[in-house]
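User: I am new to this structure and would like a friendly tour. Please show it to me, and then let us take it one question at a time.

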Amino acid sequence: MRVMSHGADWGHSFVYLTLLLWTRRMSGLADFSNYLSRIITSHSAYACDGQPLRLHCPRHSTISIQSAFYGSSKAQLCRGDPPIPDHNHSCSAFTALQKLLSECQNYRDCQLPVTHLLFGQDPCPGTAKYLHVDYKCKPTEHKRHVACEGETMVLRCKPPRVLNIYAAVYGRSLGHTDTCPSHLTRPPPFECLNHEAVHLVSKSCYSKQRCVVAVSNQTFRDPCFPGTRKYLSVVYSCVPETLLREADPSILTSTSSPTLGTEKAPPTELEEFFPKGSRKPENSGAVMSNSLLTYAFIKEHPEMAALLFTASVCVGLVITLLAVSVRVSCRGLGDQRLSPKSNSGQEEEDEDDDDDDDDAEGTESSLISTTERKAINDWEEVTYVSEAAERAERIERREMIIQEIWMNAYLNGSSCS
């Protein structure tokens with residue numbers, strides 16, 4: 001009974017442990033799915049005058065500003081806004097993007113009070129305004145590609161992964177004299193950057209496996225003085241196409257504008273993975289996505305992965321112990337059931353032995369046939385006759401010995417007289 005109680009306790013512990021691990025794993029997978037959606041898709045936030053604006057990204061990622069607008073427009077986002085006159089239906093601060101870049105770029109969390117004092121001169125006094133920001137969460141592990149002015153930038157990802165653009169800057173920044181150096185002109189003493197290049201690059205390369213961008217002033221607006229050699233710096237990553245489509249269903253498959261020279265991956269690059277005559281797996285993208293998800297989850301949550309591995313080993317040991325305890329308990333119950341039967345069997349065997357000893361002759365006689373019985377009777381008679389003859393012979397010898405003694409005694413007496 002003790003073994004059975006221990007087995008029941010092991011069973012309850014195993015069930016509780018399984019439920020605990022399952023709930024923690026589900027919560028971990030949900031957090032990881034939320035993390036992927038956060039770093040793949042674009043985000044937007046807005047706040048009205050007098051309210052704080054907060055931008056936030058999950059860990060292992062930073063804010064990458066895409067666009068910023070501060071002012072007033074026909075879209076009345078704030079409640080209680082007075083109707084906007086037709087002659088002044090739109091106004092904006094041109095310093096909004098630069099201010100958001102200086103305050104929030106490459107940070108995980110950013111909070112700003114929305115007021116016209118933050119952006120300098122009030123673009124439209126007496127009008128209710130708001131701040132609207134579009135941003136992405138750039139992962140810490142990303143790719144960066146730089147191409148000089150006059151060159152062609154080629155971005156590519158191996159299928160089934162596609163491009164996801166996080167930032168693109170055209171111009172020249174301070175402290176990067178070794179990047180695209182110019183021997184004819186000296187670099188400017190200040191930064192001249194065009195952050196709006198991210199929209200053109202995203203329009204050309206987003207959700208594509210390969211794209212080509214011409215780096216020139218005809219493609220991007222020139223932010224520097226004439227004669228300054230510029231370059232295009234793009235921050236991007238390769239993500240599974242299935243994940244990107246699930247996170248952003250509005251992906252268009254059409255080609256982008258020919259100004260940037262966008263191209264699709266040639267068929268030869270896609271056919272290298274599957275030779276002619278072979279059948280392409282239908283779920284190859286899903287399988288690759290699952291493997292990438294697993295690898296990314298382990299890399300993002302090493303502690304959870306180690307816990308799951310240790311828990312799986314413990315669960316295996318618990319199952320083994322449970323099986324051994326059940327087997328031992330069943331064997332003990334079987335021995336207890338067989339023990340009274342064995343004792344009764346031994347008593348019956350003893351009684352049978354006694355009965356057999358008492359009734360041996362009757363049992364043997366009943367089992368022996370008539371002919372064998374006659375032979376046995378004859379043999380008994382012969383043995384009886386032989387025993388009688390031996391007895392008679394012994395008596396005769398005894399009498400002869402007695403007679404000899406008497407005769408000897410008589411002779412000795414006569415001789416003495």
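Cysteines and their links

User: Are Cys-148 and Cys-180 buried or exposed?

Analyst: This is a predicted model, where local features need pLDDT of at least 70, side-chain atom pairs count only at pLDDT 80 or more, and totals for chains, interfaces and linings use all residues. Residues are numbered from 1 along each chain as its sequence is written, and side-chain values use heavy atoms, leaving out hydrogens and water. Buried means under 20% relative accessible area, exposed means over 50%, and partly exposed lies in between, with a 1.4 Å probe and protein chains only. By that rule, both Cys-148 and Cys-180 are buried.

User: How far apart are the sulfur atoms of Cys-148 and Cys-180?

Analyst: A disulfide is a covalent bond between the sulfur atoms of two cysteines. Here it is called for a pair of cysteine sulfur atoms within 2.5 Å. Cys-148 and Cys-180 form such a link, and their sulfur atoms are 1.8 Å apart.

User: How many residues apart in sequence are the parts that Cys-148 and Cys-180 tie together?

Analyst: The link of Cys-148 and Cys-180 is left-handed, with -90 degrees about the S-S bond. Cys-148 lies in strand β7 (residues 143-148), while Cys-180 is in the loop between β9 (161-172) and β10 (192-194). Strands (E, at least two residues) and helices (H or I, at least four) are DSSP runs, numbered from the N terminus. The parts tied together by this pair are apart in sequence by 32 residues.

User: How many disulfides are found in the whole structure?

Analyst: Cys-57 and Cys-137 form one of them, with sulfur atoms 2.2 Å apart. Cys-157 is joined to Cys-238 by another, at 1.9 Å from S to S. The search of the whole structure gives a count of seven.

User: Why is the disulfide of Cys-57 and Cys-137 left-handed?

Analyst: Cys-57 is buried at 0% relative accessibility, and Cys-137 is buried too, with a relative accessible area of 0%. The disulfide of Cys-57 and Cys-137 is left-handed because the torsion about its S-S bond is about -90 degrees.

User: In which strand does Cys-238 lie?

Analyst: The disulfide of Cys-157 and Cys-238 is left-handed, with -80 degrees about the S-S bond. It links distant parts of the chain, 81 residues apart, with Cys-157 in the loop between β8 (152-156) and β9. Cys-157 is buried at 8%, and Cys-238 counts as buried at 16% relative accessibility. The strand that holds Cys-238 is β12 (residues 231-240).

Rings and a charge

User: What is the angle between the planes of Phe-69 and Tyr-130?

Analyst: Rings of Phe, Tyr and Trp (its six-membered ring) pair if their centres lie within 6.5 Å; planes under 30 degrees apart count as stacked, over 60 as edge-to-face and the rest as tilted. The search of the whole structure finds four aromatic pairs. Among them, Phe-69 and Tyr-130 form a tilted pair, 5.7 Å centre to centre, with an angle between the planes of 50 degrees.

User: Which residue lies over the face of Tyr-166?

Analyst: A charge sits over a ring if NZ of Lys or CZ of Arg is within 6 Å of the ring centre and within 35 degrees of the ring normal. At 5.8 Å from the ring centre of Tyr-166, the residue over its face is Lys-136.

A helix and its cover

User: Within what arc do the buried residues of α3 fall?

Analyst: In helix α3 (residues 197-205), the buried residues are Ala-197, Val-198, Val-201, Ser-202, Ser-204 and Cys-205. The arc is that of the directions from the helix axis to the C-beta atoms. Seen down the axis, these residues line one face of the helix, because they fall within an arc of 165 degrees.
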